[in-house]
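Please open the structure in your viewer and keep the selection tool at hand. The stops below are meant to be followed in order.

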Amino acid sequence: MSDTAATLTHGSGVVMEPSPYGVQSKKFTMWLFIASDAVTFGAMLFGYSYLRAGTPDWPQPFRFSPSILNGMVMTAVLLTSSLTMLAAVAAAKAGRKSTCMQWLGATIFLGAVFATLHLREWFHMFDEGWGLARNPTGGPVMFGATFFSITGLHLLHVLSGIVALVVIAIGYKTSWLDQGHVETTGLYWHFVDLVWMFVFPLVYLMNAAR
Amino acid sequence: MDHADSLPMKSYVGIWIGLLCIAGVEVFLTYRGFSRHVLLAFLLILAFIEAGIALLYFMHLKYDRPILLWSFVLSVLFVLLMMNQVWPDAYRMVSLGLH
């Protein structure tokens with residue numbers, strides 16, 4: 001049943017107009033969240049870019065190996081997880097529950113790999129002396145503040161997505177949740193991937209040692 | 001029904017390969033010796049192409065009602081556009097030699 005039909009008789013006989021968006025309310029809500037979250041990430045990237053543009057001796061600490069190489073692998077892993085998420089949604093729509101579970105498992109695994117690589121990069125930087133307010137080269141400390149804030153917020157989204165996917169997988173397996181929940185969570189996961197499409201070039205590649 | 005249509009998995013695999021290639025091009029361009037501003041322009045153009053593909057195909061906006069795309073994507077782009085007012089101040093900081 002579509003939500004559009006449901007809204008027509010919602011409440012105590014009150015006739016409501018159908019949704020112009022023609023999507024389930026949970027999917028619409030996810031789009032609202034994505035729009036607000038996109039602005040949040042946009043503001044953080046603008047803040048970072050403002051500081052970078054206004055700082056002449058901005059550090060460029062990322063060597064091709066290991067940092068950029070690690071970022072490339074992270075990009076490939078996250079893009080692949082979007083593909084497995086698409087497969088999970090397609091299987092859920094077709095009613096193939098066990099296949100959907102397998103693809104959700106693959107997405108969770110790839111998300112965990114991404115988070116592990118992310119943390120490995122962080123610890124490598126900590127070892128070099130970088131921190132939220134530390135610059136081992138003696139230059140401006142804002143690099144660490146912006147880098148760890150932006151990548152930290154993204155990592156938080158990945159970890160939240162992994163938790164959400166686990167909950168959705170359990171709920172879908174036990175029929176507590178339906179394929180609409182799988183699709184809506186997939187939307188979130190693709191958004192996390194989309195954000196990385198800006199974080200990798202702006203935060204990593206623009207700060208590559210050349 | 002949310003989706004009037006969607007692509008077969010084979011097509012999604014093609015899009016995935018395309019996105020990987022764009023990411024590879026970004027890394028390639030990074031080491032071509034372009035100036036900071038030219039590199040930034042290239043990387044932003046490629047990032048927006050990637051994001052557009054992800055929005056249209058992975059997030060299925062191409063198959064949802066167009067109003068969804070116009071409402072959310074345009075409003076976000078408008079807000080991001082308005083944030084560009086910060087640049088004169090960023091460059092003013094450089095010209096003042098505060099660093």
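The tour goes from the contacts between the chains to one helix and then to the core.

This is a predicted model, in which local features need pLDDT of at least 70 and side-chain atom pairs count only at pLDDT 80 or more, while totals for chains, interfaces and linings use all residues. Residues are numbered from 1 along each chain as its sequence is written, and chains are lettered from A and ligands numbered from 1 in the order in which they are written.

Begin by selecting both chains: 43 residues of chain A are in contact with 39 residues of chain B, where contact means C-beta atoms, placed from the backbone, within 7 Å. On chain A, helices H2, H3 and H6 each supply at least two residues of the side that touches chain B; helices are DSSP runs of H or I with at least four residues, numbered from the N terminus.

Next select H1(B), residues 9–30, whose buried residues are B:Trp16, B:Leu19, B:Ala23, B:Glu26, B:Val27 and B:Thr30; buried means 20 or more other C-beta atoms within 10 Å of a residue's own, and exposed means 12 or fewer. Seen down the axis of H1(B), these buried residues fall within an arc of 95 degrees, taken from the directions from the axis to the C-beta atoms, so they line one face of the helix. Their cover includes H3 and H6 of chain A together with H2 of chain B, whereas the face turned away carries the exposed residues B:Lys10, B:Ser11, B:Ile17, B:Cys21 and B:Phe28.

Finally, select A:Ala88 and A:Cys100, the residues with the most contacts inside the largest nonpolar core, which has 65 residues; such a core is a set of buried Ala, Val, Leu, Ile, Met, Phe, Trp, Tyr and Cys residues joined through C-beta atoms within 7 Å. H6(A) gives the most to this core, with 15 residues.

Terms used:
Contact = placed C-beta atoms within 7 Å.
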